[in-house]
Amino acid sequence: MSGVSSETIIPVSDPAAMMGMFIRHIKDDHGMEFDVAGDGSRFLEHDGFGLAFKPEPQGLLVRIKGPNPGVLIFFKEEIVGHVAEVDQSAANNIRWSGETSEVGSLPGNFKVLRVKSSRMIFSGMQRVTLTHEDVASMVDHGIHIRLMMPLDPTRTPVWPRMAENGIPRWPQGEDKLHARFITLRHVRLDDGEVDIDIALHEGGLISDWAEKAKDGETVGAMGPAGAARLPTSKGVFLAGDRTGLPAVARMMEIAEADATGHVVVAMPDDGDIEDYLPSSPFHVHGVPPKRFENQVVDMAREMTKPGETGFAFFAGEFQNAQDLRTHFKDTLGLDKTTQLSTAYWRRGVPGFGS
């Protein structure tokens, strides 16, 4: 593998069984199949990422590749986390090649961001402008950051620190953090600023923070992560309610200039959706927020067809996400590399997702 890479041998007695667990998980949850290399290892590569497994006498050899060291930290967290589900001792004893992080240091992709301003841009949507001297590293690969703050807002934050197995060790107990992936809506490199847009709702810790954020306050972040480009420019379908608006907007921005397809979004009650979304070649359909949940699934079925839709994305309410994931996968035949349907909140569950 070329690029930024690392490898480890997971010390388990049955490496073939553990390899099978990973392969099944990635196929079932991500819709991706492994190829077989000449040395018998199983591997896959997609969009700048690579993953390979090979049973060895001393354990399971794992090789990973990512576009930069910061993104590789998220990749390592995934690997170690799945190992910990079946063998905590093996997860603790993982050691990665080329590891440059010192034990006890802050993760290489971690930053403390400072609030510059917070304002409502339309009803129910708060824009927080954050500053940092190295904003450029936040947009190297991906459109999201993992925002974090103390679960108890009255406590001084204790940030995650690197552990021996190459991943962050998160504080527990009274110092436990609340962390969620948030879309970077705008990035101004010359000014050292980023904007994040947060949908306001009752019971959400990040929502409450955004609404009350004051100049000079700080918040932790790791990233970037997520898509850096769309896998295709033909037959794109993007949809999101108010919570998914920032992600839809960024995906419109990273689409190719010759992209074709449809965008379906919840239109602000007191704002112009065209003022919020970037100009693009997509056909944009605004739906009143009160009707969005009841209409978006039927609209997706009308605007997408098997063999013609190359990529589909949704972000919003849980049941909508479930229904659209079924449509994307079963009806359109898309896999995890060409579709993503994510629940940002769930009706009847206060604070779900934020």
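**Exercise 1. Across which strands does helix 2 lie, and at about what angle does helix 2 run to strand 14?**

The model is a predicted one, in which local features need pLDDT of at least 70 and side-chain atom pairs count only at pLDDT 80 or more, while totals for chains, interfaces and linings use all residues. Residues are numbered from 1 along each chain as its sequence is written, and side-chain values use heavy atoms, with hydrogens and water left out.

Step 1. Identify the elements, where helices (H or I, at least four residues) and strands (E, at least two) are DSSP runs numbered from the N terminus. Helix 2 lies across strand 8 (144-150), strand 11 and strand 14 (218-225).

Step 2. Take the angle between N-to-C directions, on a scale from 0 to 180 degrees, using axes fitted to C-alpha atoms, for helices over the stretch in contact. Helix 2 runs at about 85° to strand 14.

**Exercise 2. Give the strand order of the open sheet of 7 strands and name its edge strands.**

Step 1. Two strands pair if DSSP finds at least two bridges between them. The order is 11-8-14-6-7-13-12, and the pairing is antiparallel.

Step 2. Strand 11 (177-183) and strand 12 (186-188) are the edges, each pairing on one side only, and the twist from one strand to the next averages 35°.

**Exercise 3. Describe how helix 7 and helix 8 are arranged.**

Step 1. The axes of helix 7 (residues 289-303) and helix 8 (residues 318-331) come within 10 Å and cross at roughly 5°.

Step 2. Angles under 35 degrees count as roughly parallel, over 145 as roughly antiparallel, 65 to 115 as roughly perpendicular and the rest as oblique; helix 7 is therefore roughly parallel to helix 8.

Step 3. In this contact, F292, E293, V296, V297, A300 and R301 of helix 7 meet N320, D323, L324 and H327 of helix 8.

Conventions: Contact means heavy atoms within 4.5 Å.
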